[in-house]
Amino acid sequence: MNEQELAKKIVQHLDQGLGHIKQGTLYKLQSARMAALDRYRKAPQPVFGLAWAGDAAFRLSHSRYFNARNMLALGLLLVSLIGVMYWQRAIPTSDIAEIDASLLTSELPINAYLDSGFEAWLKRSSQ
Amino acid sequence: MRRTHPSPTQPRLTTRQIPLATRKELSDFLAAVERRAYKQALFAARDEQVALDAVQDAMMRLAEKYSTRPSAELPMLFQRILQNTIRDHFRRQKVRALWTPPMSSLRGGEDGDDHDPLETLQAHSDSNSREAPSDQLQQAQTLELIEEALRKLPVRQRQAFVLRYWEEMDVATAAGAMGCSEGSVKTHCSRAIHALAVLLKDKGISL
């Protein structure tokens, strides 16, 4: 028996098996078909205007990527990005503020840091 | 020789013969393919409720989004939607399995060891048919073994076999539905038939 004949025989049995599907299942299939047909849409009529804009919005909002899970992931990503930006800006500012505060509150005048003699004295005294 | 559909009230329509343009024609198409689609989903998912849900989802999406497409494309689109729906189900199941602790040990065994093909045999409305009960039993057992063999096939091989031989799609349409090349469809088909022949031979079935 060649491939085609075997396939034909198998399909004959499968077709016979379709007659053995439970009545309840057939009823559910019929109900599913009716529900699907209720969603049948006719071809849209051509209209004047910015049809592409509406279509783009429709495509975006009805895209399979536009679901709650993806929106949640996108929201989390945005929140994390904002957090990272805030953190990056906040940390250097506080460091600089601390240095400024220590310089201003120190008894040593600021000009001392610019004096090369003071730096040499500092090295010598630390040794 | 053309195959005939088992139900006399529901004439067999091949996918190539159905021009889809009106609601009535879409209804006829869905009525013609729904049983095979259900069985196809059942082979893959092995769960009646999941199979029904998959077929319903596929019908909904076809009617909602693709009913205005050229009629020749619709059978291919329906099959593609159905395959995607089944694949989505497996993905969701996989994710759920990661989060759900394994409870299989607490459940009762549903192995096929105690399964009796007679339990799935439905009484025909024409119970007084001329076929002898022994013939009916043999047919039911053969069908059960064929379906079991189909379930055991790798997914792509089963898809190729069903689309090419059960849905009577040509190679190009089947390739479109499967999202692969025509050569792949031929290869999958050939391997599927060889695997089925071996599986049925092992069970002692000669068709």
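Guide: Welcome! Residues are numbered from 1 along each chain as its sequence is written, and chains are lettered from A and ligands numbered from 1 in the order in which they are written. Because this is a predicted model, local features need pLDDT of at least 70 and side-chain atom pairs count only at pLDDT 80 or more, while totals for chains, interfaces and linings use all residues.

Visitor: What makes up the secondary structure of chain A and of chain B?

Guide: Chain A has 6 helices and 0 strands, and chain B has 8 helices and 0 strands. Helices are DSSP runs of H or I with at least four residues, strands are runs of E with at least two, and both are numbered from the N terminus. Chain B therefore reads α-α-α-α-α-α-α-α along its sequence.

Visitor: Why are H1(B) and H3(B) called roughly parallel?

Guide: The axes of H1(B), residues 23-45, and H3(B), residues 74-99, cross at roughly 30 degrees and come within 11 Å. Axes are lines fitted to C-alpha atoms, for helices over the stretch in contact, and angles run from 0 to 180 degrees between N-to-C directions. Angles under 35 degrees count as roughly parallel, over 145 as roughly antiparallel, 65 to 115 as roughly perpendicular and the rest as oblique. So the pair is roughly parallel.

Visitor: Which residues make that contact, and how do they divide by class?

Guide: Among them are Phe29(B), Val33(B) and Ala37(B) of H1(B), and Leu74(B), Phe78(B) and His89(B) of H3(B). Two residues are in contact if their C-beta atoms, placed from the backbone, lie within 7 Å. The contact residues divide into 10 nonpolar, 2 polar and no charged. Here Ala, Val, Leu, Ile, Met, Phe, Trp, Tyr, Cys and Pro count as nonpolar, Asp, Glu, Lys and Arg as charged, and the others, Gly among them, as polar.

Visitor: What share of each chain is buried?

Guide: Buried residues make up 33% of the 207 residues in chain B, and 7% of the 127 residues of chain A.

Visitor: How many residues does each chain give to the contact between chains A and B, and which helix of chain A gives the most?

Guide: Chain A gives 29 residues and chain B gives 39. H1(A) gives the most on the side of chain A, with 13 residues.

Visitor: How do you know which parts of chain B to read with care?

Guide: By pLDDT, the predictor's confidence in each residue, from 0 to 100. Chain B has a mean of 77, but over residues 1-11 of chain B the pLDDT is below 50. Where pLDDT is low, the predicted coordinates should not be read in detail. For the complex, the predictor gives an ipTM of 0.71 and a pTM of 0.60.

How values were computed
Buried ≥ 20, exposed ≤ 12 C-beta atoms within 10 Å, placed from the backbone.
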